[in-house]
Amino acid sequence: MVALPEGRRLTLTFQGVSKWYGDTVALAEVSFELEPGVTGLLGHNGAGKSTALALCAGFADPSTGTVRVLGHDPRREPEVYRRIGIVHDRDGLWPFLTARELVEMMAGLRDVPDPPRAAAEAIAWVGLEDAAERRVGGFSKGMRQRVKLAQALVHSPELLLLDEPLNGLDPVQRRHVVELIRRLGAEGRTVLVSSHVLHEVERMAPRVVVLVNGRLVAEGETGAIRDLIRDRPRTLRIAAGGAAQALARELVGEGLASGVRIDNGALVVETGDMDALGRRLMPLARDLSATVDRVEPLGDDLESVYTYLTDHARGRGR
Amino acid sequence: MNRTLFRLAMRRLLLRRRSVLLALAPMLAALVAVVQAAGGTADAQAFSGLMEQLFLPTILPFLALVIGSSAIGEERDDGTILYLASTPLPRLAIALPAIVAAAVTTVVLCLPGLAIVIALSPGDDFSVSAAAWAIAAVVVGACAYAAAFGALSLRVKRPVVIGLIYVLFWEGSIATFAPSARWLSLGAYARAVVAGGLPSFTDYNVPAIGALAAAALLAGVAALATWWCGRRLARVELP
């Protein structure tokens with residue numbers, strides 16, 4: 001059992017965990033701890049989120065390091081699964097079972113006292129009552145996702161490990177599931193939910209762990225990570241007519257741009273202060289009789305965001 | 001044994017279109033028995049020949065291979081094993097119902113064909129005892145094969161290919177002319193069980209072992225392979 005500081009209740013500890021498959025490093029020296037509440041596990045595809053969740057779920061052994069879930073090693077102590085709910089990323093379900101049969105069966109296997117009642121409640125939580133008696137083989141991706149969530153909730157677990165639980169859901173279902181996850185966190189359960197979409201995580205998790213290429217590059221309050229991402233240096237392509245070169249000089253002169261180059265008649269501007277640039281760009285252009293036809297961000301995809309976080313983490317000496 | 005998991009495995013293995021096709025294989029033996037009966041050549045010797053040369057060396061292992069290798073391997077491949085693995089059940093309690101269901105499914109699919117073969121085998125030498133030993137051979141053979149192929153599915157990526165190589169090349173070829181190889185052939189022990197009920201059964205491929213001992217050995221193989229499946233499930237990394 002992990003010794004806890006006064007007042008802290010660690011429900012999951014991931015200590016110096018590395019995982020490699022042959023020459024491929026899936027996770028490298030990752031450490032984090034979870035307390036009750038919702039934590040987002042953020043990272044691009046292939047960042048190591050599913051590997052981290054599989055290790056937490058006891059489906060794999062770490063190559064180095066230790067994983068403790070509610071003070072136990074689920075690989076060696078399967079009794080702890082009475083207290084853990086898992087939504088994994090695989091899509092397979094027994095196609096001949098109805099949603100009710102499947103959720104009820106999982107309740108029974110986890111020793112829930114009244115499986116039919118628990119299954120009915122879990123199915124209602126995910127809003128699947130109307131399809132409860134239908135076979136899951138005919139379900140859409142979104143419905144399957146909700147069945148997976150219902151079976152993870154049916155035994156009222158203390159810890160939930162959810163791998164991309166919003167995948168395949170329509171906007172209404174997403175809102176419903178986001179609200180459900182927030183409620184689970186507010187009830188004092190520990191929820192680790194993975195996603196590659198920051199704004200999605202932001203809506204349900206006050207805390208986030210960010211993985212890039214198997215390394216932990218940021219950890220903390222979701223708002224702080226969002227600010228870090230928002231305030232990162234950005235590159236914009238500004239299609240400006242008229243006095244474009246004068247506009248470039250002014251942008252550098254006023255400290256709005258750290259560098260400007262001309263590319264096919266457009267300005268490619270690097271800035272560390274998007275807000276100020278946004279406020280001053282049009283007035284400056286007007287003063288210089290330049291026209292701004294189009295402004296587009298460059299390198300604003302997720303990979304760039306995560307690369308920035310990696311560089312930022314390295315800068316901090318990680 | 002966990003009855004919920006047994007029912008789940010039975011539904012998964014038996015209630016599918018593939019089962020209808022698999023059930024046709026034992027009917028091949030029934031068809032031969034019908035032809036023999038129509039030609040007036042059906043007797044105990046013909047029955048033993050049918051069991052020795054078709055039912056036990058080909059039909060039984062083929063069915064057990066397809067069904068046994070999908071008992072756990074299929075759940076691992078489609079990811080449903082992850083749901084079972086996230087329960088407090090010991091891993092042996094997950095493996096055992098799957099293996100038992102595979103053996104039961106194999107027997108259920110074999111029985112109609114076997115029943116026809118038995119029914120069409122009259123003669124002075126043929127008795128209820130012979131029929132009982134034949135059924136026993138199919139039951140313990142199915143248990144041993146299903147467990148062995150179930151274990152194989154947790155060890156290799158293409159269990160059906162490896163299983164076919166074992167059945168065709170080892171049991172069907174090498175073990176038929178190399179006496180020492182018979183001792184490592186599940187099919188040879190199954191034939192030894194059939195021989196227990198048929199004094200006239202003169203199969204030179206049967207190891208020098210009594211029917212009861214052969215049945216016990218096959219049951220032992222089934223138990224060992226099932227135990228290994230549970231151990232493997234506890235150690236293997238799930239996808």
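Let's start with chain A, where strand β1 (residues 12-21) runs antiparallel to β2(A) and is joined to it by seven bridges. Strands here are DSSP runs of E with at least two residues, helices are runs of H or I with at least four, and both are numbered from the N terminus. Two strands pair if DSSP finds at least two bridges between them.

This is a predicted model, where local features need pLDDT of at least 70, side-chain atom pairs count only at pLDDT 80 or more, and totals for chains, interfaces and linings use all residues. Residues are numbered from 1 along each chain as its sequence is written, while chains are lettered from A and ligands numbered from 1 in the order in which they are written.

**The three-stranded sheet**
- β1 belongs to an open, antiparallel sheet of chain A with the order β2-β1-β4.
- β2 (24-34) and β4 (64-69) of chain A sit at the edges with a single partner strand each, so one side of each has no neighbour in the sheet.
- Across from Tyr21(A) you'll find Thr24(A) in β2(A).

**The hairpin**
- β11 (residues 259-263) and β12 (residues 266-271) of chain A pair up antiparallel over five bridges.
- Arg261(A) faces Val268(A) in β12(A).
- Two residues lie between these strands, and Asn264(A) in this hairpin has a positive phi near 50°.

**Where chain A meets chain B**
- 24 residues of chain A are in contact with 18 residues of chain B (contact means C-beta atoms, placed from the backbone, within 7 Å).
- On chain A's side, β5 (84-87) and α2 (99-109) each supply at least two residues.
- α2(A) gives the most to that side, with four residues.

Definitions and conventions:
Two residues are in contact if their C-beta atoms, placed from the backbone, lie within 7 Å.
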